[in-house]
Amino acid sequence: MRETPEELKELQALLDTSLSRSTSHLRSIINTERTLTAEQLTRILTGMCTLALSTVTAKGEPRISGVDGHFLHGKWHFGTARGAAKARHLAARPAASVAHLRGEDLGVFTHGTVEILNPQDGEPAPDWPDLLAYFKDFYGDYLFDWDNEVVYYRLHPHWMTVYAPDIAKLTAASQS
């Protein structure tokens, strides 16, 4: 868990607000008995989590693809090749949605706007050096030309909800 107390407080407020603004149908499925707190979520979302990333083309057509997601400081971080279609979509239209699913045991659904962490022709995010160190430690320093081949994003969520019907099962799985 890398979140500060303030980041956990912000994440909990986002989770609570998102669920309260959801439709009655969604709240009948995801309710206080079948969701997680911010602290529980950050203990479960460790390491790399496969995300389904949804972007939109210039013609307004939806596109979905997979990315390696890392839940750090209460937000999703992910990367792709600079020349990938999703990179072009996000550069032109930074609104995105991601979903992380673990069978029927966990669903984390997030809508928000991406921030480019390491723009090729601009100033990187202030915390990019720390994030880059994390990614290099996770993936190894030899895989990419980190300055030219990959672009990383942080998804600033405006809506996030979590489906988790059995916290004990998730907790046991994350400890094994």
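**Entry 1: salt bridges**

I began from the definition that a salt bridge is a side-chain nitrogen of Lys or Arg within 4 Å of a carboxyl oxygen of Asp or Glu. I note that the model is predicted. I looked up the total, and the structure holds six salt bridges.

I then examined single pairs. Arg43 and Glu39 meet through their side chains at 3.0 Å, N to O. Both residues belong to helix α3 (residues 38–44) and are four residues apart, so about one helical turn separates them. Arg43 is partly exposed at 48% relative accessibility, and Glu39 is partly exposed at 40%.

Next I looked up Asp105, which forms a salt bridge with Lys169, with 3.2 Å between the closest N and O atoms. Asp105 is in the loop between β4 and β5 (106–116) and Lys169 is in helix α6 (residues 167–175), so this pair ties together parts that are 64 residues apart in sequence. Asp105 is partly exposed, with a relative accessible area of 26%, and Lys169 is also partly exposed, at 46%.

Arg154 and Asp127 form another salt bridge, the closest N and O atoms being 2.8 Å apart. I located Arg154 in strand β6 and Asp127 in the loop between β5 and α5, 27 residues apart. Arg154 is buried, because its relative accessible area is 9% and buried means under 20%. Asp127 is partly exposed at 25%. Salt bridges with shared partners join Glu115, Asp127 and Arg154 into one network.

**Entry 2: nonpolar cores**

Which residues have the most contacts inside the largest nonpolar core? I found that they are Leu41, Trp76, Phe78, Leu106 and Met160, in a core of 30 residues. Strand β6 (residues 150–163) supplies the largest share of this core, five residues. Leaving aside residues up to four places away in sequence, Leu41 touches Leu11, Leu36, Phe71, Val108, Met160 and Val162. Another core, of twelve residues, lies apart from it and includes Leu117, Leu132, Phe135 and Tyr139.

Strand β1 runs antiparallel to strand β2 (residues 62–72), and nine bridges join them. Thr55 has Arg63 as its bridge partner in β2. Five residues lie between the two strands of this hairpin, in which Gly60 takes a positive phi near 80°. Strand β1 is also antiparallel to strand β4 (residues 95–102), through three bridges, and Ala52 stands opposite Ala99 there.

I also looked up His89, which lies in helix α4 (residues 85–92). His89 is buried at 11% relative accessible area. Its contacts, not counting residues up to four places away in sequence, are Thr55, Val56, Thr57 and Arg63.

**Entry 3: two loops**

Most residues other than glycine have a negative phi. His73, however, has a positive phi near 60°. I found His73 in the loop between β2 and β3 (75–81), partly exposed at 32% relative accessibility.

Is Tyr142 buried or exposed? Tyr142 is exposed, with a relative accessible area of 68%, and it lies in the loop between α5 (128–139) and β6. Together with Leu143 and Phe144, Tyr142 forms a nonpolar surface patch with about 340 Å² of accessible area.

Definitions and conventions:
Residues numbered from 1 in each chain as written. Predicted model: local features only at pLDDT ≥ 70, side-chain atom pairs only at ≥ 80, totals over all residues. Heavy atoms only, no water. Core = buried A, V, L, I, M, F, W, Y, C linked by side-chain atoms within 4.5 Å. Buried < 20%, exposed > 50% of the residue type's maximum accessible area, 1.4 Å probe, protein only. Contact = heavy atoms within 4.5 Å. Pairing = 2+ DSSP bridges. Patch = residues over 30% accessible without salt bridge, like charges linked within 9 Å, V, L, I, M, F, W, Y side chains within 5 Å. Areas by Shrake-Rupley, 256 points an atom, 1.4 Å probe, with all protein chains shown as cover.
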